[in-house]
Amino acid sequence: MAYASDKDFTQKRLNQPLLNKKWRTEYAGRTLVTIFGIFIILLALTILGFLGYRGSATFLNYGHSVAEFLFSTNWNPGEAGQSGTVGAAIFIVGSLTVSGFALLIATPFAIAMAIFISDISPKIGSRFLRPVLEIFVGIPSVVYGWIGLTVLVPFIANVFNLPFGFSVLAASIVVAVMIFPTIASVATDAMQAIPAEYRDASYALGSTRWQMVWHIKLRSAMPGILTGIVLGLARAFGEALAVAMVVGQSTRFVDSLLSPTNTLTAVITANMGNTVNGSEYNDALWSMAFLLLLISFGFIILIRVLGRKRNEL
Amino acid sequence: MNKNRSAKQADRVATGVLYGIAAFFVLLLASITIYILYKGVLAASPDLLSFSGDGVGVQLFNTIYLVFLSLLITVPIGMFTGIYMAEYAGKGSLIAVIRTCIETLSSLPSIIVGLFGFLVFIQMTHSKWNLLAGALSLAILNIPLIARTTEDAMRSIPRSYYDGSIALGSTRWQTVVHVLLKASIPQIMTGVILAAGRGFGEAAVLIYTSGMSSDINFNNWNPTSITSPLNPFRPADTLSVHIWAIKTEGIAANSQQIADLSAAMLIILVFAFSLGSRALGRHLQKNAGEI
């Protein structure tokens, strides 16, 4: 290499190792972690993009309308090369009923548990109940599904005199037990975050413990409790296997709590593997997956809004 | 006075009801656990516990191996992301976007992640179900958890650590690696254990990525052979997927016992890791004063 002057040469030699060193000690690491930060964004976008692309084929390639998909109960999609109807309303309503009813069962109990831990007996609460809740969040959903299948389903068949116990009720109960610890933990956090002054002021005014809990604590913790409920709902809505095991998987509109039906997650799980890639049936399943993704975005937005509300308080 | 008395009565009734509900749920959860373990013990036989044929040893090995492979991917990616968020991302709009993405990823239904894995790692690579695809998909589910744990851990370290290291002439990156990261390792470990526990129980992510069957030979340890337990490109069903597979296509006469035993082993694995992570957390809190 030729250098224009001696000065130029010295300058280069001085700069080189310094830059090198700075690169090794700082910029390399910084670049590395920045790449992974960006990677997370790309990953989220890729999931959205791919599922959106696969999910749109029902409407773009097979010419079905979004309204048909969402509101029609005619579910008879064509296998390879054929064409039929792709009304997914049965599954959408199935998912809504199962998760809605599960929430209805789990929420009162979860809030009661939260009140117990935060105000009735914080000692038993923090030493015993909190750990129990945390452990039970971790029980795998297939295990709940398996118990539902072997214990709850026969039990329901027995009690209500049905040929099979597979039903919305069975699915709702299984999901309710699954989401109970989630809602209870988040609600407890919300209750415990309420400043002690609220409690003291309420007692000073002569209220009983229950009046204090009911009128003051629950009301002030409401945004946090709602966050827990939405989290529970999101988990219930997205739960696939446990629901698929006990809901009966029959393509039939929900007409009672004891009737079997099917949900978005269950129908996707059961059929994705045995339909031909690119067939109308398969594409309709991808559309449902995309719908599921959009709904879970909805839940995330809801949780954010609630979080903002909590910060305002 | 009357109103006062009824308020006191309501208070007593409510307290009683709340005690009842708390007791009921503890009993319910305890009886579920005991029931699973009891059925597992009933089902256990040398034949089912073995590593061949009907034995669930194969699935137990698959579960641990798959989660281990998955953590090898999850931990570095999650840690790097967490470091970036805690130290380099600043307070601008980029970190808000990343945070939203992490939140989104962590609340995706696992079946969605499974389908994405199926699309990308199976269909687009034209391969059959394989362990690596399962591990990668599981990683997507767990990366947000590790990233968040790392970020929280690094942010919780006293500012003086950072200042001290910088004053001694280290660069920011050197400080991150040698001081902050080192101090956060125990907390990150808790997150890793949590992620492992979650991985053991996960099934919806795996049925369309690592598959619902396995055919391996425990005398063959050559990683390139398709029947070798170590080959990451072979199909593999984990304990939880096994339960699902038995439910959907169980034809063996003793499939009920196999599922009972799988459920019991799964519960033991998950509980052991959950208790381990709690014990580690307590240990850290106790030692926190000494740092």
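Good morning. In chain A, the C-alpha centres of domain 1 and domain 2 lie 40 Å apart. Please keep in mind that this is a predicted model.

Let me give the bounds for chain A: domain 1 covers 6–60, and domain 2 covers 85–312. Where these two domains of chain A meet, domain 1 contributes seven residues and domain 2 contributes eight residues. On the domain 1 side of that contact in chain A, three residues are nonpolar, three are polar and one is charged.

I turn now to chain B. Its assignment also gives two domains, domain 1 at 1–43 and domain 2 at 49–288. The C-alpha centres of these domains of chain B are 35 Å apart. Six residues of domain 1 of chain B touch seven residues of domain 2 of chain B. Those on the domain 1 side comprise three nonpolar, two polar and one charged.

Finally, the contact between the chains. It involves 65 residues of chain B and 58 residues of chain A. Which elements of chain B supply two or more residues to the side that touches chain A? They are helix 1 (2–43), helix 3 (57–88), helix 4 (93–106), helix 5 (110–123), helix 8 (172–201), helix 9 (239–249) and helix 10 (255–288). Helix 1 of chain B gives the most, with 15 residues.

Thank you for your attention.

Terms used
Residues are numbered from 1 along each chain as its sequence is written. Chains are lettered from A and ligands numbered from 1 in the order in which they are written. This is a predicted model: local features need pLDDT of at least 70, side-chain atom pairs count only at pLDDT 80 or more; totals for chains, interfaces and linings use all residues. Domain bounds come from an automatic or database domain assignment. Ala, Val, Leu, Ile, Met, Phe, Trp, Tyr, Cys and Pro count as nonpolar, Asp, Glu, Lys and Arg as charged, and the others, Gly among them, as polar. Helices (H or I, at least four residues) and strands (E, at least two) are DSSP runs, numbered from the N terminus.
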